[in-house]
Each structure stands twice: as C-alpha cells, then as structure tokens.
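Biologist: I'm new to this one. Could you show it to me and let me ask how you back up your descriptions?

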Amino acid sequence: MGLVQWLKGQFLCQLIICYGFLVSGLLVNLLQICTLPLWPINKQLARRINCKLGYSLTSQSVALLEWWSGTEVTFYTDPADYQFYGKENAIIVLNHNFEIDFLCGWAFCDRFGVLGIHHILSRCLLLKTHWRRTSNGRDLGNCPPIPLKASKCLAKKELSYLPVIGWMWYFLEMVFIKRKWEEDKRSFVQSLQNLRDYPENFWFLLHCEGTRFTEEKHQISMEVAEKKGLPKLKHHLLPRTKGFWVAVQNLRGTVAAVYCCTLNFRNNETPTLLGVINGKKYHPDLYIRRIPLESVPEDEAECSSWLHKLYQEKDQFQEDYSHTGYFPGPIVTPLRGPWALINWIGWTCLLLYPLYLLLVQLVLSGSILTILATVAFCSAANTRSSRGPESVHSAAGSKIGPLSRSSVGYASVPWLSNRNTPV
Ligand SMILES: CCCCC/C=C\C/C=C\CCCCCCCC(=O)SCCNC(=O)CCNC(=O)[C@H](O)C(C)(C)COP(=O)(O)OP(=O)(O)OC[C@H]1O[C@@H](n2cnc3c(N)ncnc32)[C@H](O)[C@@H]1OP(=O)(O)O
Ligand SMILES: CCCCCCCCCCCCCCCCCC(=O)OC[C@@H](O)COP(=O)(O)O
C-alpha cells in the first residue's frame, strides 16, 4: 500500500475532511442567509450568488469522489445527444439504487458545468472535450463553451432539515415534498413554477421510484405492478408517475428534454459514502439518453403509460448490463476540470489554519496532560479507523444480488433513510 493510500485510510485525515466540509458548509449557509435582504431587491442576482455558494460546497463532495477516492464516472451516450448537454434545461430521470448515486449525479453535473460555476479556466485552458474512447474509435470533436448552470432535484421534505446540505438546498430552490399528494400539490406546483424564470440553465433530477431500491420494496411494488397489469421490472421499483407528469406539465416551455439516466457499478461493487471517504475507488457507468420533451404526452394517463414504458426500457438496459458489463452507445469522458479540487484545497487551507494555531497553542501551553490526551485521542481514532467500514460492507454485499447491493451500505448511514414503511 502506498503512502497516499495509507493516508486516505487514516481516521485523522478523514476527520479533517469532515471538519472542512462541515465548517465551510456552515459558513456557506451563513453567507446564504446574508443574501436574504437581496431577494426582494434583485432576485436574479440573489439566485446567482446562491448558485455560486452552492457550488463551493457541492463541488467539495465531487472533489472527494473524483480526486480523493479516484472514482470517475464513465459516461455512455449518443454523440448526437452530447452536444445538448449543459446547453439546455432538462428533467433528469435517474434510477435510485446506490448510496452514492447523488455523488455520481453531481460529478455528471460538474463535467457539464451544471453544478453552478462558470468554467472560465476550464474553457480557456482545458475544456477541449476529450473523447477517451469511443465504440469505433472516432474523435468526436471539441466541447462547445459552457455557460453557467444549476442542478435541482425533487427531494423528500426531511432532507431540507439536514444541516449544511439541506439548508443550502433551501436557498437553491430545490423542490421538497412530503410524498403525500394532497398535502404536496400546491407547494410542488408553486416550486416548479418558480423555476420557470430561473436565471441559469438547470437540470431537474427526479427519482420516479420515490425511494431507494431494496428487495422488500421491490417485492411490494411488483405486487402493485401485477394488480395494474403492468410488466414486472427486475432492477427497478415501479415508478410513481404523478410527480413526473406534474413536473413535465409545469416545466413545458422551460425545459427542452428529458434525460433518461441509468447508473450501475462494475464488478458488483457496493459503493458507500464511507468507502469514498476511506479513499476507495469505485467504477460507476452512467448511460444517458436525451428525449425531446415534445415526445412526452400531455395527457396524464398517456404520460403515465409513457413513463412505465421508459422504465421497462431502463430495466432492459440494466439486464443487458448485468450480462455484458456495458451500456449501449459510445463511451465519452469530458475532461475533469480543476475547479472542484482548487475550491477544496482553498477551503482546507483556510480552515486548517485555525486548527494549526490551536495545536501550536497546545504545545506552547506546556501542559503534558493536555498533549498526552490529544495524542491518545488521535491514536485511538486511528486504531478504530484501521478496522474501517469496508470489511462490513463487502462481507454483507457479497451475499446479495447486483442491483440490491445498495441497501446494505444505505442502512449504514441512518440519516439517508428515515422512512420505515416500504414505499
Ligand atoms: C445523473 C444525472 C444527475 C443529475 C443531477 C441533477 C441534480 C442533482 C441535485 C441534487 C442531488 C441530490 C439528490 C437528492 C435525492 C433525493 C431523493 C429523494 O428524496 S426521493 C423521494 C422524493 N421523490 C419522489 O417521491 C418522486 C417520486 N414520487 C412521485 O412522483 C409521487 O407521484 C408523488 C408526487 C410523491 C405523489 O405520491 P403519492 O403516493 O401521494 O401519489 P401517487 O399518485 O404518485 O401514488 C398513488 C399511486 O401509486 C400507486 N402505488 C402504490 N404503491 C406503489 C408502489 N409501491 N409503487 C408504485 N406505485 C404504487 C397506487 O396504486 C396509486 O396508483 P393510481 O394513481 O394508479 O391509483
Ligand atoms: C469534502 C468532504 C465531504 C464530506 C462528506 C460529503 C458528503 C456529503 C453528504 C451530504 C449528502 C446529502 C445528500 C443526500 C442525498 C440523499 C438521497 C436520499 O436521501 O435518498 C433517500 C430517498 O431516496 C428516500 O429515502 P426513503 O426515505 O424513501 O428511504
């Protein structure tokens, strides 16, 4: 094991990472609160500022994924669709199987400038799109300039109370729902309408299954499918169609397309957030299909059937992937920009300085007892981390099927799941 890999496994390093994320997050939240007086005066400016602040936080987790753990998402897509990515508003429909699917989503956003920053440096120096490998080896050309963008999602209400991320999302105008239609419908429609004059292009993420995949939920939702006379899905839960229909209806004219996204991990990997923090490298594959919004029916029943058909197709892609290890279409990997890393290093340096001062103070205090207590704490923490969470995940993960793997790691992060009743 190299020194760098050893360092990644040290609890102290992980503690510093979490400290940086939390403190910078709280500072970002504070700055977001400071934009409150601006909203009635210049709403669009307030939104733009919040977008940038959001980037400075969200991109830290992208840096963690891509630079710390070395995980890079491989994108499969039709070259004809690629030219639109990052240049239009879109509704993203993504399967919800993995604990770190949101991190892979953010990485996707960042590669296409949709996380919330103008990639000036990337544009000037780096962003000659790099087609690392295509199915037939063609060079598919340069990436066009990337304007400023924002990522949005439809999320359960509970996430809005999450310190740092949830509070940030509130200012970024994410759409929150209680998943009880009668209670949600007014605020849901209003939140969608608010997005119509959003000053940046945005991608709006919808997990139509409404919850993360587990075997138990799958069984229940397939009983519903049977009652409704719908074909059974093997790798997905039955999609809830109301939210999708309402989103499409309210964003018609604002959004140009639906991006049907299907995510999977190579080699039956069980990705977990703790694994990423531990520096473990995963191999996600993401297949993206662009579907013009005009082809989504306006009528609710027809739209619902359309979505069910889309999920049947997605299910077939997953089935094929489980046999071949590939999605259809050429592989495309836009070059990794430097901003996420620069931002992360910047925050870390800024926030480590007070810690360093504290340490110097400690040594200068000359109190042997305090120094010994600190050393004891650090070694105890490191011993604990050397046992690590990965052994637990891999042992459990090996017992279950390919697309139900996520439920194992998922249970290890309790705040990611607070809905006890299955679907
Ligand atoms: C890769 C690209 C990434 C790009 C990234 C971009 C942005 C990233 C930004 C942030 C990343 C952060 C990610 C955060 C993720 C957050 C995850 C979540 O919080 S998921 C939970 C919230 N989302 C949803 O719930 C959406 C899906 N749900 C819906 O749309 C629902 O319709 C609803 C709007 C919530 C309303 O639900 P409700 O149940 O009240 O009404 P419905 O009409 O939908 O349901 C009744 C209907 O359902 C049938 N039914 C019953 N049981 C089931 C079942 N188990 N499965 C399916 N269907 C079921 C029931 O029979 C009724 O049917 P019918 O109407 O025909 O009688
Ligand atoms: C640089 C340092 C980074 C340190 C740590 C970075 C980690 C960032 C952590 C914050 C992430 C918060 C995003 C949460 C998204 C979780 C998605 C989610 O919660 O899915 C569950 C839902 O689908 C429904 O679940 P159910 O209630 O149906 O069961």
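Modeller: Helices (H or I, at least four residues) and strands (E, at least two) are DSSP runs, numbered from the N terminus. This is a predicted model, where local features need pLDDT of at least 70, side-chain atom pairs count only at pLDDT 80 or more, and totals for chains, interfaces and linings use all residues. Residues are numbered from 1 along each chain as its sequence is written, with chains lettered from A and ligands numbered from 1 in the order in which they are written.

Biologist: What makes α2 and α4 parallel or antiparallel?

Modeller: Helix α2 (residues 11–34) and helix α4 (residues 43–68) pack at about 170°, with their axes 9 Å apart. Angles under 35 degrees count as roughly parallel, over 145 as roughly antiparallel, 65 to 115 as roughly perpendicular and the rest as oblique. So α2 is roughly antiparallel to α4. Their contact (C-beta atoms, placed from the backbone, within 7 Å) includes Phe21 and Leu31 of α2 and Leu53 and Leu57 of α4.

Biologist: And why is the pair α4 and α6 called what it is?

Modeller: Their axes come within 9 Å and cross at roughly 100°, so α4 and α6 are roughly perpendicular to each other. Among the residues that meet there are Val62 and Leu65 in α4 and Leu103 and Trp106 in α6.

Biologist: Where is the kink in α4 centred?

Modeller: On Ser56, with a kink of about 25°. The bend at a residue is the angle between axes fitted to the seven residues ending there and the seven starting there. Helix α9 also has a kink of about 25°, centred on Ser187.

Biologist: Which residues are closest to ligand 1?

Modeller: Gly105, Trp181, Gly210, Lys242 and Gly243, out of 35 that surround ligand 1. Being near takes a C-beta atom, placed from the backbone, within 6 Å. Strand β3 gives the largest share of that shell, 5 residues.

Terms used
Axes are lines fitted to C-alpha atoms, for helices over the stretch in contact, and angles run from 0 to 180 degrees between N-to-C directions. Two residues are in contact if their C-beta atoms, placed from the backbone, lie within 7 Å.
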